[in-house]
Amino acid sequence: MEISVTGNAAPVPDDRLAEILSAPGFGVHFTDHMLTVEWTPEKGWHDARITPYGPITLDPATAVLHYAQETFEGMKAYRHEDGSIWSFRPEENGARMARSSHRLALPVLEVEDFVAAVDALVRVDERWVPDGAGEKSLYLRPFMFASEKFLGVRPSQHVTFMVIASPAGAYFKGGLKPVSLWLTEEYTRAGRGGMGAAKTGGNYASSLVAQQEATSHGCDQVVFLDAQEMRYVEELGGMNMYFVYDDGHIVTPATGTILEGITRASIIELAGKLGHSVEERRFSIEEWRDDVSSGRIREIFACGTAAVVTPVGSLKHAGGEIPAPADTGEAGGELTGRIRSALVDLQFGRAEDTFGWMHRI
Ligand code: PLP
Ligand code: COI
């Protein structure tokens, strides 16, 4: 894919950039450029360009505004100590976007073009990749949407793929401490045959009211159960979950309706290397309650690109509370910490990449 580049005549000045990178927050500042590619059935993907970052104009009848035909990805670029810049398993994000786009009847962008597009934007906005101290990174947000001006309900005949980038610090304010959870018994995230396994805006739109419910109960995040039996644990609004047992084995929910994280898949392999087997299976809310209560579950954590590995504390629900597992310290459990370190050390180039997961940009 040929990508043209138009420089930004007014990039953010160096002193302002240094100020932003010292405390980037999450998703609030954006780099000097953005990448855009268009698709039509006649021409396929075409007109790939990097231009100065800025607002885009959409006709009020643009399909995505009405029917939410869109997909997105979340990934990061990391600066290593020698100044080089790397992404983590970007072809997995490209492959997942292709699966999501298939589910949303959007055209598929080849993984190779997806990776080339992301790399090209990072290269142009290279100065926006923070140094790795404090685990800061450049969060990358590729997304694809129905850009045809048409109100009929059918797959859009004009589609736009874009990549934007935003320097990122910790996703949760307050540093690394266990998050408290709320179990929603009113809302579900995904049903059989639905879009649960796709990374599409509608899943996040539908999670917001449940997240509001969690917040109103004083909890940080919401836990969703399966839609059919309201019994099996699915995931959080933006993270997958892990339960660590006293004999060292780990369980992570698998229901077919969760968003299967790239962090999740990587942790399954990393945990294996640390000598912990990981079972992917249905995991019921009764097991959570009983196995914490008996002391068999020692730690719980959640993971995702934005939140990395985050310890989980107690779970509140309408009928009461399941307390944090016994080994949950101030900053989570011991194995949670080891898995987190193994992952971030690899991402920031502090540990050897024996898996071949890092991609040099
Ligand atoms: N589950 C949901 C609903 C998410 O939004 C995310 C974040 O991307 C994840 C899980 C974790 O996925 P990944 O590890 O690929 O970031
Ligand atoms: C991610 O971890 O990349 C996510 O997409 C979670 C959230 C920011 C939507």
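The model is predicted: local features need pLDDT of at least 70, side-chain atom pairs count only at pLDDT 80 or more, and totals for chains, interfaces and linings use all residues. Residues are numbered from 1 along each chain as its sequence is written, while chains are lettered from A and ligands numbered from 1 in the order in which they are written.

## Ligand 1

The shell of ligand 1 consists of G74, E235, G238, M239, N240, L259, G261, I262, T263, R264, G304 and T305. Three are nonpolar, seven polar and two charged. Helix α6 (residues 262–273) gives the largest share, three residues. Helices (H or I, at least four residues) and strands (E, at least two) are DSSP runs, numbered from the N terminus.

## K199

An unreviewed UniProt entry annotates K199 as "modified residue: N6-(pyridoxal phosphate)lysine". Such annotations may be inferred rather than shown by experiment; their positions follow the numbering used here, and feature names are shortened.

K199 sits in the loop between β9 (179–183) and α5 (201–216). K199 counts as buried because it has 24 C-beta neighbours inside 10 Å. The cut-offs within 10 Å are 20 or more other C-beta atoms for buried and 12 or fewer for exposed, with partly exposed in between; C-beta atoms are placed from the backbone. Leaving out residues up to four places away in sequence, K199 touches T71, F72, E73, R96, S100 and L259. Contact means C-beta atoms, placed from the backbone, within 7 Å.

Expected span is 1.5 Å times one less than the number of residues. In α8, T336, I339, R340, L343, L346 and Q347 are buried. These fall within an arc of 140° seen down the axis, so they line one face of the helix. The arc is taken from the directions from the helix axis to the C-beta atoms. Their cover includes β5 (75–79), β6 (85–88), α6, β15 (297–304) and β16 (308–317). Just after α8, G349 takes a positive phi of about 75°.

Helix α4 (residues 111–124) also has 14 residues and reaches 20 Å from its first C-alpha to its last, close to the 20 Å expected. Its buried residues are F114, A117, V118, D119, A120, L121, V122 and V124.

Notes. Near = placed C-beta within 6 Å. Nonpolar A, V, L, I, M, F, W, Y, C, P; charged D, E, K, R; others polar. Contact = placed C-beta atoms within 7 Å.
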